[in-house]
Structures are given as C-alpha cells and as structure tokens.
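Subject: Structure handover

Hello,

Here is the structure you asked about. Please open it alongside this note, and see below for what turned up.

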Amino acid sequence: MAGSYALYFTAAGHSLYRAERQGLERVAQFSADDAGLETFREHLRGEPGALLAVLADVTGEDFHEEHIPHVRGADRQALLSRKLAQRYRDVRLAAALPLGVVAGPERRNERVLLASFTNTQQLAHWLDALDEAGARLAGVYSAPLLAPALAAKLGARQERLLLVSVNRAGLRQCYLERGRLRFARLEPTVDLAPQALAGFVRSETQRLVQYLMTLRALPRDAGPVQVLVIAPPGARAAFEQALHSDTRLVFRTLDNGDALKALKLRRVPADTAAEALYLHLAAGTPPREQFATREERRRYRFWQLQRRIVAAGATALCACALVAGSRWLDASTLREQAAEELVRAQSAAAEYARITSTFPVTETSTENLKAAVVEFRRIAERSAPPERAFLHVSRVLQRYPQFELDSLRWSIASAAEQRDAALKGVAVDAQPDALMLIELSGRVSATQRSDYRGITAQVQQFAAALMREGYEIVRTQLPFDVTSEGVLSGDIGAASDGGEAPRFTVVLGRKLP
Amino acid sequence: MTFSREEVKRLVGPVVLAAALLACGLALVYAASDAATSARREFATAQAERRQNSERLARIAEEEREVKEKIDVYRRLKQLNILGEERRLEWADAVSRIRAQRELLDLRYVVERQRLLSSVQGKPGKVDFYASTMKVDLALLHEEDLLRFLADLRESGNAFYAVRKCGLTRTGQAPATATMTPRLRAECEIDLVTLVDRGAKK
C-alpha cells in the first residue's frame, strides 16, 4: 500500500483513516477550523513518520484544457510549469493531466488538462502540518483524479462516461473521456430521501451534460452519454426507478456495496459513503497524477527508494534462490540417477559373483589367476628350449659330412646382440628376449685350403641349408677374408696342405614368438 | 534527487540489507552449484562402475571359458612347485640325482641371487615372477647327455627352467684307452623361474 493513512479532506471537516489491504478504519476526525488543525498536529505527533495520502473532496476545482507543443522531458515539464503559472496564482496544488496527442495541420500538439483548486489555502495549512510532523506524504489527490481508476475498477470503459457518486462531501460528478478525466464538479447535498436524492442526481446530471455541451467538451452529436451512478446503500431501487435512460443519457446504477466488492474493500466504517472507494484507491493504488509538489513528497519518495533498494536485494535473493533451486533440483536428480546406477552396478556385481561362484574352485582370484597364467605363458614363449635348435643343426650336418663343428653356442640374444642382428637385416621385435641365436664354429675338410672358391661355395651352401624353419643368417665368417677391406693370401702349388682344415663361423638367428 | 548527509546515512541500512540479501543469494547459488558438481561427479563414478560391472558380466561366458582353460595351467604350476617360494634345496637334490642317474662325469653349478623378473598387477594382489640364474658346467661324453640333463631338469619341477645360453665345445680327440674321458664340454645358463601370487588364499 502506498499509504498507511488517508486523510479525507472536505469543506465541512476532515477524517483520518487507517488504510489496510481490504479495509478502512476511521481513526480520527477533525473540524475544518484552527482547532481541528491543532488536533491534527497533536495526532501527528503520536505518529511520527506516518505514511499518508490526502484526498481532497471540495468544491472550487478548476479544470482547463490546453494544447501544448508535443515535447518530452524537461522541455515538457518547463512548458507545463509555465502554463500552470499562467493559469493559477498559487501553483502549490496544481497539476497538468495528459489527455492525449492531437495532430494539427502543422505540428503535433498535446492536450493537457490543467487542474487545481480555487482556494488552495484551505489545504495548505494542513499540508504544512504534515511537513512539520515529518510525515511521508504520498500525494494529494482530489476525487476527480481518482475517478478514471475507479471507473476502470468498476468495469466502465465507455468512451464518454459520467461517473456519479454520493460522497459525504456532496454529489460528485466526473466526466471521463476515453478513460481520462475531462471535467468534474461537486454539488453539496443535504440529507435527502432516496427518491429525492435520485431526482437530484438526475437533474444535476442533465445540468452537467448541458454545461459540458456548452463548453463543447461534450459533442452534441456524440449520441447518448453513459452515466454510472453509485447509489448509496439501500437506495439502488429508488435510483433505478428515477434514473431511466433517454436519448441523451443512459443510466447504469450500481449499489455502493457492489462497488466496494469490485474494489475488494471489505471493511469500511458504517457511516462512510462513496468516498471510501476514492480513499481506498488513494491509499492503495493511486494514479501518477496528483497535486503535491516533489518537495512535499520528498520523504515519501525517499522512503520508496529505501524500500526499492531492499526490494532489489530481495528480488536478487529470489532470483538466486530460483537458480539455486534449479541447480539443487539437478543435483537431486543426478543423485537419484547415481543411486540407480549404483544399484545396477551392485546388481551386476552380485550377478557376476553368483555366476563366478559356480566356476572351478581356485586358491586365488580370477584376476590373479589370469594374470599369473598369461604372464607365465609370455615368459615360457620367450624361453625356447635349445633342443630343437640342436636337432635342426644336427640334421643339416648329416647332409654335410665335410663340416665338423668345434663348438655350438645357443643363446637368447641380449639387447646388444638383437641390435646387431637387426642391423644385419634380421627382423626382430623391439622387446627383449625376442631373438634366439646359434653360433656354429667348425672346419671344412675334404677341400683344399687353397680352393677359396670351393670353400666359399661349400660354406654358403651349408649356411643356406641352415636357413630353414625360420632361421636366418646373422653372420658368416669364412676361413679367409674375401672382402675388399681384408687381406687375401694363398700358397698355390705347395706339395700338400699341411695345415689344419679351414675354419668357419656361421651365426643363425630365429625370431621368438 | 540529491541526498543530504542525513539521508545518505539512512540509505546505508537498506543498502547493507540488500547487499546481505544478494550475498545470501549468491551463497545459495554457490552451494547449489557445488552440490550439483559433486552430484555430477558421483553420477559419473556410479555410471563408470555400473558400465564396468555390466561389461564384466557380459564377458562372463568368455571369462568362464578362460578360467576353465587357465585353471589347469595354474594348478599344474602349483603342482610343479613353480608357484610359490623357490626351493633351492630341491634344486640341489635334483641336480645331484640327475648326475647320479645319468652318470655324468663332471657337473658344476652355481645358482645366483634371486631377482625380480616381472610383476603383474592382479586383484586383490600382485603376481611377482622371480628368476635365479643357474650356471652349469658339464663334462659330456656325448651331446645327448646335455639334452637328457635338460630334460631331466625340467621333469624335476620346483621351477620353470628357461635356458638362456648353452654352449657345446669339443675338449679334444678321444683317447685310445678304455677309460671314459669326456669329449665335450657344455656351459649353460638357466633361469629358474618361480612366481608368487600375492592374492592367493593362504
């Protein structure tokens, strides 16, 4: 709510209401004289910093339509201030209400309604009292300023509408054009019977329509004017009987109780008339347009700023809470999914355990069993027995009886030997223990030592015979050096070969699986 | 709207309150993000575990076949005392017994210090493979003596015998006398491989 209190200001006296969300409670009444003002001051002392809206429901209001150039911002503000100053001697309680833009032949103009009170002094002392008491003035409203909001709440959206209500201050008539205030007047009333009051409403309405036509505020050929009359409690039937529509006026009567319901106003003081509707709007959802100056509303605006800062913090907290909630929801969903996955994992593990329990009984785990056997097999594959190599050499030797072995060396090649073998063209894995080597050293008999070509051919044949079953020649060493780098010597024609048979060396390699 | 010093002071409270609310909100977001990250990690772990277990379960038929196939080897290793701590005394006994049975003329051997050959990670424990190199020097009448010696050694068990080197050399011409003189000499290096299963049930 914009204000905690609402001061209903009339020529006869003033009432202070405590405004609640769905109710109004009258807390004090003040006479319109100095004594009343003093009582008001006393009351305000007991409510320091009170939040308060003023609803003025008095006669002597002025409404004047002006056309100003269609400008915005500070220029518009300056223009309106000048217009108000030209129109009113005291602009303390003056306002310019926008009526819309009109396109002229040369430029666009804005229609504004300048509004003020002919006697601002009656209000000024009370506003001063509020200022002295440090009250937060939300705004100074007149009943006409609130009429568009009231009509909208009551569902009256006609292009031209007369909103008539019987307030404590008198008969309030507001003329709205396209939902905006165009003119209003207050006609004081005395206590009348419902029938008489209804007749008074009818005659005053006809007078106002006639006046508006005279002012050309209401076009003559615009058709009948819609009139929404808020009848006092218990007077609706009498009003409906008296207010029958004709070609100029179409009446719709609404009971005050129904109007209160439409505004969701449930609790009002018993002797309150239709002004309760305006008070509720002034305190709850006031329009932007009002009469108080910026300085008079400074405390209220500062209070609004404080609330907005806290509201911004609260909004940020809510936004963060939403984001956090969303993430927590994600986390919760993920945890549920994780729990489901764990259940499935455990179920699979249990099933695995159940099935493996039917496996042959071992003294170790399945993993260790596999690890032990696989690694053992790898080692065993790289540990070729020498017997097959011996057998292979033996078979070849049987076919070459002129070859006599002095030594046979079988070995799993070392890393260096593997490198040498690789350099000599033997395909070897990079892994250790990948190559088996056989070094055969011996003599070639039955051939003359000087027969280099014959010996060479025989050794090469022998070596070729050994190159089976995956064996490759790593190195062959002849009894003499036939390479260009070596020295070749001979003793041709000697009586006999007195020396021993020529020696040779053959190195074989075989890749292990 | 310009503010007086007094008004600025009165704005401090709401500003602090708004900042506190914002801080609370950010703390909530941080905590929720942290919880979400943690939950995401939990989910990934659980998913990986489930996937692993499911895959293992899917492979169980193959595993069963593998176990059945490997269990015989494992049992044989155990039976031959290849699986377990090395048995040097049994090795010495075996060499002596072979020498006596095969009537080998001269046989010398040295078993070197045990060394770790390889270590395989199993579950629940490792499987360690050890090797002790035995250097054997044999005097032979015939090369078949070496082959028989190696075959007997393998038959004796208590280790896996991985021959690393074996050399045969002539020692000279056979004398004309009737006494048995070795004609050949063999020098071999044999790795005596044993393995220790740290995950085996005691």
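Is B:Cys24 buried, partly exposed or exposed? With a relative accessible area of 43%, B:Cys24 is partly exposed. Please keep in mind that this is a predicted model.

**Cysteines**

A disulfide needs the two sulfur atoms within 2.5 Å.

For the sulfur of A:Cys320, the closest cysteine sulfur is in A:Cys318, 9.3 Å away, so a bond is ruled out by distance. A:Cys320 has a relative accessibility of 10%, so A:Cys320 counts as buried.

How many disulfides does a search of the whole structure find? Over all chains, the count is 1. The partners are B:Cys166 and B:Cys188, with sulfur atoms 1.9 Å apart. Each end sits in a strand of chain B: B:Cys166 in S4 (residues 160-170), B:Cys188 in S5 (residues 184-197). The bond therefore ties together parts that are 22 residues apart in sequence. Both B:Cys166 and B:Cys188 are buried. The torsion about their S-S bond is about 50 degrees, so this disulfide is right-handed.

**Chain A overall**

Chain A has 513 residues, and 47% of them count as buried. Its secondary structure comprises 13 helices and 17 strands. Now take the contacts in chain A with a separation of 6 or more: 70% of these join residues 24 or more positions apart. The accessible surface of chain A is about 25,200 Å². Carbon and sulfur atoms make up 50% of that surface.

**One helix in chain A**

Have a look at helix H3 of chain A, residues 121-132. H3 has 12 residues. From first C-alpha to last, H3 reaches 17 Å, close to the 16 Å expected at 1.5 Å a residue.

Which residues of H3 in chain A are buried? They are A:Leu123, A:Ala124, A:Trp126, A:Leu127, A:Ala129 and A:Leu130. An α-helix has 3.6 residues a turn, so residues three or four places apart point the same way. With that in mind, view the buried residues of H3, including A:Leu123, A:Trp126 and A:Leu130, in the 3D structure. Just after H3 comes A:Gly134, where phi is positive, at about 75 degrees.

Best wishes

Key: Residues are numbered from 1 along each chain as its sequence is written. Chains are lettered from A and ligands numbered from 1 in the order in which they are written. This is a predicted model: local features need pLDDT of at least 70, side-chain atom pairs count only at pLDDT 80 or more; totals for chains, interfaces and linings use all residues. Side-chain values use heavy atoms; hydrogens and water are left out. Helices (H or I, at least four residues) and strands (E, at least two) are DSSP runs, numbered from the N terminus. Buried means under 20% relative accessible area, exposed over 50%, partly exposed in between (1.4 Å probe, protein chains only). The expected span of a helix is 1.5 Å times one less than its number of residues. Contact means heavy atoms within 4.5 Å. Accessible areas come from the Shrake-Rupley method with a 1.4 Å probe; for residues, only the protein chains shown count as cover.
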